[in-house]
Amino acid sequence: MGGQPYYGPDFGLLQRQDPELAQVLLDELDRIRGGIQLIAGENFTSPAVLAALGSTLTNKYAEGYPGRRYYGGCEVVDRAELLAVQRARELFGAEHANVQPHSGASANLAAYAALLQPDDTMLAMALPHGGHLTHGSKVNFSGRWFDVVSYGVRRDSELIDYDEVRDLALRHQPKVIVCGATAYPRLIDYAAFRGIADEVGAWLLADVAHPAGLMAGRAIPSAVPYADVVTLTTHKALRGPRGGAILCTAELARKIDRAVFPFVQGGPLMHAIAAKAVAFGEAMRPEFADYARRVVANAQALTDALADEGMRPVSGGTDTHLALIDLRGAGVSGAEAESRCAAAGITLNRNVIPYDPEPPAVTSGMRVGTPCATTQGMGLQELKEVGSLVARAVRHPGAAAEIRERVAALLAIHQPYLSEF
Ligand SMILES: *Cc1c(COP(=O)(O)O)cnc(C)c1O
C-alpha cells in the first residue's frame, strides 16, 4: 500500500492476491456491460456508494444505536448512522428512520414484530397478484406465523380492488394492513388504504421496496404521510447499496427500533449504513428528481412500444418504473420469453400475471423495468427501440444474433461504470 493510507477498494490488490475471485468481479462487470438490464428491482449504484461499501466500516461491531452501543469504539461509525438517519428523515419527510435492516425482508420481519404477535391477523396483497413473499406466502415466515388474509386486483381493470380490501378488513378485523407490491405497475391509493385502516383500527404498513426511489425523487406520490410504518429497500429504484430501512411515526419509533435490534438482528452492517447515507445524499440532489422522472417516462415509452407490438401491458400501462406484460397474445410463456431475451442480450424476468393459468415456474407474463437503463443514460428513443427489440426477441428466437448486435450498439453509447453519471 506504500505511503498511501488505504481508504477503499483497490482492485489491483485483489487481482494480485486472489485472481480467481477477481475474475468473478471482472466477468460480472462484463455481463452487465454486455446486455440490457430490465430487471425492475435492480439498479447501478454510483462509484461513491461502492467506495463506502468497500470501506473499513465493515469491521466494526456496533450493536445498539448511536450513543447507545453495546461495544466501545463506536464514536466514529455513530456519525455514519446519524447521517443516514438524518438524511432518510429529510428525504422522505419522516418522523423517524431506522437504517439498520439488512434487507427489505428483514425490514418487513421487524415491522411485523413491532406491530403483531404470532397468530395475529394481517391483510396484504396476494403474491400471484403482485404482492411479495413477505406479505404472507406460506413458504415465508409471514405466512407461517401470522393469520394472513389476502386481497387482489379486479379481473376487469387489473387494479387493486379497494372495495374488496374494505370488505375483507371489516370482516377479518386485521391488526395490520399491508399495501405495496413487487409487480404492480400502477400508483397505489395510500389515502384509500389509510381510510380503511382507520375504519377498522388497524396499523397501515406501506412496503415501498420498489418505488421508494421514485418517491424520494417526487416522481410519484409518497406513502409516508399516510402510513404508520413504511418499509423500503435502498437498492432498487433508490440506487443505493443492497439493504433495507424503516420509516415510522414518532409514536412507533421505540417499538420499531427494538424490533430491528435486538429482536431481528445483531450487529448492523456499518459499511452498508455508510453507503445508505451516501445514496440518501445523492437522492436529495435535484439531478435525482430528474432521474426519477426519467425512469417513469422511460417505463411508459418501453410499455407503449411493447403494446404497439401487440404485447398487452397488465392494467393497460404503467405509472411507475415497471410494467407487467401479458404474453398470451404472443403465444409464448414467461419462461420462454425470459430465455429468448437472455439469448438476445436482454435480461428480464418471467412473472405471474393476475389470474395466471400457468404455474410460477412457467407463467404467462414478464416484468420489465427501467431503473438500470435510465441510470445508463438511455432516454425515450432508446427505450422505444428496446421495446421493439424485446418484442422481436420474444417472437423470433432465430433473430437473437441480430438483436444482440443492436443491443451492443446501444450499449456502446450507454455503458454503466465507464464514466461519471
Ligand atoms: C424486493 C422487495 C422486498 C424484499 O427485499 P429484499 O431486500 O430482497 O429482502 C420486500 N417487499 C417488496 C414489495 C419487494 O419488492
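Two strands are said to pair if DSSP finds at least two bridges between them. By that criterion, five bridges join strand β12 (residues 322-326) to strand β15 (residues 365-369), and the two run antiparallel. The model described here is a predicted one. It contains an open sheet of seven strands, an open sheet of four strands and a ligand surrounded by 13 residues.

**The seven-strand sheet**

- The strand order in this open sheet is β4-β10-β9-β8-β7-β5-β6, and the pairing is mixed.
- β4 (96-98) and β6 (147-151) are the edge strands, each pairing on one side only.
- From one strand to the next, the twist averages 20°.
- Strand β5 (residues 121-125) pairs with β6 in the parallel sense, over five bridges.
- Within this part of the sheet, L123 stands opposite V149 in β6.
- Strands of a sheet pair through backbone hydrogen bonds, in either a parallel or an antiparallel manner.

- Helix α4 (residues 75-92) lies across β4, β9 (229-233) and β10 (244-248).
- The direction of α4 is at about 130° to β4.
- Helix α5 (residues 104-115) also packs on the sheet, where it touches β5, β7 (176-179), β8 (203-207), β9 and β10.
- The direction of α5 makes about 165° with that of β9.

**The ligand and its surroundings**

- Of the 13 residues that surround the ligand, the closest are G104, A105, T182, D207 and K236.
- Helix α5 gives the most to this shell, contributing three residues.
- By class, the shell consists of three nonpolar, eight polar and two charged residues.
- A polar backbone atom of G104 is 2.9 Å from an oxygen atom of the ligand.
- T182 places a polar side-chain atom 2.9 Å from an oxygen atom of the ligand.
- For D207, a polar side-chain atom lies 2.6 Å from a nitrogen atom of the ligand.
- The ligand taken alone exposes 380 Å², of which the protein buries 86%.

**The four-strand sheet**

- This second open sheet has the order β11-β12-β15-β14, with antiparallel pairing.
- Its edge strands are β11 (312-313) and β14 (349-351), and each of these pairs on one side only.
- Helix α13 (residues 334-343) lies across β14 and β15 and runs at about 170° to β14.

**The loop between α5 and β5**

- Q117 lies in the loop between α5 and β5, and D119 has its place in that loop as well.
- Although D119 is not a glycine, it has a positive phi of about 75°.
- Q117 and F146 are 29 residues apart in sequence, while their C-alpha atoms are 7.9 Å apart in space.
- Leaving aside residues up to four places away in sequence, Q117 touches F146 and K175.

**A cis peptide bond**

- F261 and P262 are joined by a cis peptide bond, with omega at about 10°.
- P262 is found in helix α10 (residues 253-264).

How values were computed: Residues are numbered from 1 along each chain as its sequence is written. This is a predicted model: local features need pLDDT of at least 70, side-chain atom pairs count only at pLDDT 80 or more; totals for chains, interfaces and linings use all residues. Side-chain values use heavy atoms; hydrogens and water are left out. Axes are lines fitted to C-alpha atoms, for helices over the stretch in contact, and angles run from 0 to 180 degrees between N-to-C directions. Contact means heavy atoms within 4.5 Å. A residue is near a molecule or strand if one of its heavy atoms lies within 4 Å of it. A polar contact is a pair of N or O atoms within 3.5 Å; within protein, one must be able to donate a hydrogen and the other to accept it, and residues adjacent in sequence count only if both atoms are side-chain atoms. Accessible areas come from the Shrake-Rupley method with a 1.4 Å probe; for residues, only the protein chains shown count as cover. Ala, Val, Leu, Ile, Met, Phe, Trp, Tyr, Cys and Pro count as nonpolar, Asp, Glu, Lys and Arg as charged, and the others, Gly among them, as polar.
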